[in-house]
Structures are given as structure tokens and as C-alpha cells.
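I opened this notebook to record what I looked up in a structure that was new to me. The entries follow the order in which I worked.

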Amino acid sequence: MLSTTARECPAFLLNRAKALPQVVTAVVNPVNLLTLGSAKQAFDEGLIDPVLVGDIHQMRELAEQLDWDLHGIRLMAAADEAESAAISCALAGKGEASALMKGHLHTDTLLRAVLKRDAGLRTPSRLSHVFHMTLPGSDKALSITDAVINVQPSIIDKVHIARNAIQLMHALGYESPRMAILSGTEEVSSSMPSSQDAAELTKLAAIGAISGARIEGPLGFDNAISAEAAKIKGIAGQVCGNADILLVPNLESGNFLFKQMVYFMSATAAGLVLGAKVPIILTSRADPLEARLASCALSSIFIDYCAQTPERALAV
């Protein structure tokens, strides 16, 4: 049942990012082969100008194994993952790094450092994660949010989650992305809170509290991605069968969904945390190099968009 098709870093994403300037990226605690190797690959592809923050002796030893000459690469010493996160966030807060890239450390450790007031990275927005999902040989993308950070988001949380995802899609060239607010039913039901949330979010979008996208919900997963399923059920709308963004009810549902695509369909899951002053390239230990590289490409495109449209970046 598991897919054996090789995963790909989507060429359309990589080629667009490679045409942009390298992004100074603080790589947080890259003290194992996987995380340092990911930084090397992104550097070799011309995506990032890395600042490696961690145990310098350990990073140099690993670089030798990777045949990576660190001459000209900025190295900063940190005793452990907490210090590495603090130093990296301080660099970003001072404008010395335009992105953060998670290395070998717990996600909670990194996000705690991001949210500390003295780091200078907080904005009015709540942090949320967006997966940009692509299939081998296809230039069609589907975004899933939030499957990583917000466990059981409130209505207000979901407003922030929606805004962050919409901004990313704008950066990718979607002028008015189609967002489906998912639930287990298309009818509003008191026994299914996610359907009530979806209806409320749709109303908020109608009065302009969430802008820049076509938003419909509640929608079942089938109706969001299949026009035929929506037609059979008599569900009409601009989003049905054509969703660009799936806003999931909670972390578990999104987590299951993106992993099904990865393991059953060989999808590449490029992921970013948005809502801070810089994007955070957040990868899992199980992520292949293709997903890590695609995440760096996504970060580069987003940063370029924010630089070109600073008024939108400040509004997040």
C-alpha cells in the first residue's frame, strides 16, 4: 500500500527560488548528518547563505564527513539546543538573518525562543504552519494548515491560520486562492463543533475579517477536492472540487492527511511556520532531503514576496 514512487523537489518551486538572491538563514543546532546535510544541499543549490549555530567542533567534524568546506561559512558557537535557538532568534530579530531553519532540536525549544519578547520576532499574528503539498511530475499544489502547531485552535486562532496560509499562496502567485474550511459534514451541526467553526469563519470572510481568498465551509474533504463528489451531493460554490488550501479542524486531522499523501502518494511536503517576523523552515526527522530543499525554496519565495510588498508583510 505504501507508494514506491520516488519523491521530487518540485522543479517549479526550486527554479523560481534559485532565480532569487540567497537567503541568510540561521540554521539552529545542525549537529547531525541529516540536518547539516540539508543545509549543505540548500547552500549548494544557491538557496541559502547559512549561519550555522551550534557546537562548532561537532559541526566541523560532520562537515568533513559531508565533504563540505566551511571556509567562508559563518559559524556561531552554542553549548546546547536552547542556546542555539536563542542565538539564532537573536540574529533574526536584529536583521542579521532573514529565515530560521530547524536543525537537531525539539520544535518546542525553537518556538519558545521565537516567542520570547526580547527576541524581537513576535508580530500581532499567531504562529501557524502551512504544508505545501506536491506530487511527483505535477506542478499543482495543495496547502494544508495547520497540521503541526495549533492542536485544537479556536475561531480566533483559525482566523490567524487562514490569513497566514492566504499570504503564502499570494506569494506563490495565487491572486485569490480557494480555501475550504473542512469538517466531517457539509451541514452545520451542534454535535460537530468543527462545522460550527467553519460556518463562523465563512461569515467572517464575508464581512472582510479574512480577505484575499474565496472561502467556503463547512466542506467535507471529498467535496473540497472532487468536483464530481460535490455535484453528486448537490453542493455548489467556487471552492468545491478546486480547493487550493485545506484549513483542517485540528492538528490530528491535518497530521493524518499530510502523512497519507506523503506515504501513499509520494507527495513532497514543504513546510513553513508563519506569523513571526521571519519564516521558519520546520522539518521533521523523517522528512527526506527533497522536502527539506522544497521548504527552503518556499522560504525564499515568501521572503522575496514580503520584500516586494512590505505593507502586506506588516499586516500579518
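Predicted model: local features only at pLDDT ≥ 70, side-chain atom pairs only at ≥ 80, totals over all residues.

Entry 1

Entry 2. I looked up the aromatic pairs and found a count of 2. In one of them, F43 and W68 are tilted, with 5.8 Å from centre to centre and 35° between the planes. I located F43 in helix 2 (residues 33-44) and W68 in the loop between helix 3 (56-65) and strand 3 (74-77), 25 residues apart. I recorded F43 as partly exposed, at a relative accessible area of 26%, and W68 as buried, at 7%.

Entry 3. I then turned to F131 and F258, whose ring planes meet at 25° with centres 4.0 Å apart, so the pair is stacked. Because F131 belongs to strand 5 (residues 128-134) and F258 to helix 10 (residues 251-265), the pair ties together parts 127 residues apart in sequence. I found both F131 and F258 buried.

Entry 4. I checked Y263 and found R7 over the face of its ring, 5.7 Å from the ring centre.

Entry 5. I looked up cis peptide bonds. One joins T145 and D146, with omega about -5°; D146 is in the loop between strand 6 (141-145) and helix 6 (155-171). Another runs from G217 to P218, with omega near 5°, and P218 is in strand 8 (residues 214-219).

Entry 6. N29 has phi near 55° and lies in the loop between strand 1 (23-28) and helix 2. D67, with phi of about 55°, is in the loop between helix 3 and strand 3. Is each buried or exposed? N29 is buried at 7% relative accessibility, whereas D67 is exposed at 69%.

Definitions and conventions:
Residues numbered from 1 in each chain as written. Heavy atoms only, no water. Phe/Tyr/Trp six-rings, centres within 6.5 Å; stacked < 30°, edge-to-face > 60°. Helix = DSSP H or I, 4+ residues; strand = E, 2+ residues; numbered from the N terminus. Buried < 20%, exposed > 50% of the residue type's maximum accessible area, 1.4 Å probe, protein only. Lys NZ or Arg CZ within 6 Å of the ring centre and 35° of its normal.
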